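Student: I have a new structure to look at. Can we go through a few parts of it?

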Amino acid sequence: MTIVFKVSDNVQKKMIEFYKDSFRDKVPPYAIFQAQSADVIITLYQSGKAMFQGVSADIEANIWKDQEMHLNQRNIDLEIKNNEKKKNSKYEDKESFLNISAIGSDEVGTGDYFGPIVVTATYVSKDKILFLNDLGVKDSKVLTDDKIKKIAPEIIKNIPYCTYTLNNQDFNKYNKMGYNMNKIKAILHNKVLYKMKSTTNDHYDKIVVDQFVYPKKYFEHLKEATNKVTDITFTPKAENKCLAVACASIISRYIFLNEMDKLSDAIHIPLPKGSGENADDIGVEIVQKYGIDKLNDVAKVNFKNTDKIKNKMA
């Protein structure tokens, strides 16, 4: 997986400080630095573009997307979407699944330090397309949380769906067993897709999944699964090309927001989204109030935030 976007000057400074202990000796031409963090290689170029390459590139990139939003009010995902739409309009049109009956799945929470991972699959038939367009269905990442809370219940009432929520305790348990984020995502996508496919008697033209890993690797992650869905069309930015995936992303986000509220109420501390510095500060507050073990109940402890929280507590 490779993710590239341009970062602001103030975020560049934070990146240099953050990765300085992981710098590689050899630097590519026109690069300020190249560093390695676990299974991800990070390169910052003089042009201001940052490139993240590796299995968990999306997780690493989300750290700096959050910083851009926090410090500069920049929505990097929206900028990338708009740029790709301008440059690749023919490609987008060619791979559009907006006017077919489809099953689609999407997940939320994989870049958030606090809260669960929620994966949902939906079935959207052709006769529901106009209703969903009128409702304003699109990728959940470009909708406000208020908008999601408004339209998600309408989608849930009118569109067949199934969902799975992986709480933090189970995520941390699987991570200790050696399951990386992409393996966990593949298992959960397969789980909801199989259930959706098994309970849908109506015709569907495609099963569409946003491509977060190469198909071969996706199915390698499922080698131990008893029931597998294999007739999948993998495509980048699927939530913009398929209403079933867009609906899945909205329902997943809606459930995620509700679960975050429940967790916040349970510990009497408002939990932030994302994995930026505010997550570190709240993590310190949680540890001070409940002890370090409490993070296992509310956070993904393999994220770098945990080490930063421990350092702040030292």
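Tutor: Start with Cys 162, which counts as buried because its relative accessibility is 6%; buried means under 20% relative accessible area, exposed over 50% and partly exposed in between, with a 1.4 Å probe and protein chains only. This is a predicted model, where local features need pLDDT of at least 70 and side-chain atom pairs pLDDT 80 or more, while totals for chains, interfaces and linings use all residues. Residues are numbered from 1 along each chain as its sequence is written, and side-chain values use heavy atoms, without hydrogens and water.

Student: Is Cys 242 buried or exposed?

Tutor: Buried, at a relative accessible area of 1%.

Student: New topic: how many residues of strand β5 are buried?

Tutor: Seven of the seven, residues 102-108, so β5 is largely enclosed by the rest of the structure. Strands here are DSSP runs of E, at least two residues, numbered from the N terminus.

Student: Which strands pair with it?

Tutor: β6 (residues 117-124) runs antiparallel to β5, joined by seven bridges. β8 (residues 206-210) pairs with β5 in the parallel sense over four bridges. Pairing takes at least two DSSP bridges between two strands.

Student: What stands opposite Ile 103?

Tutor: Ile 207 in β8.
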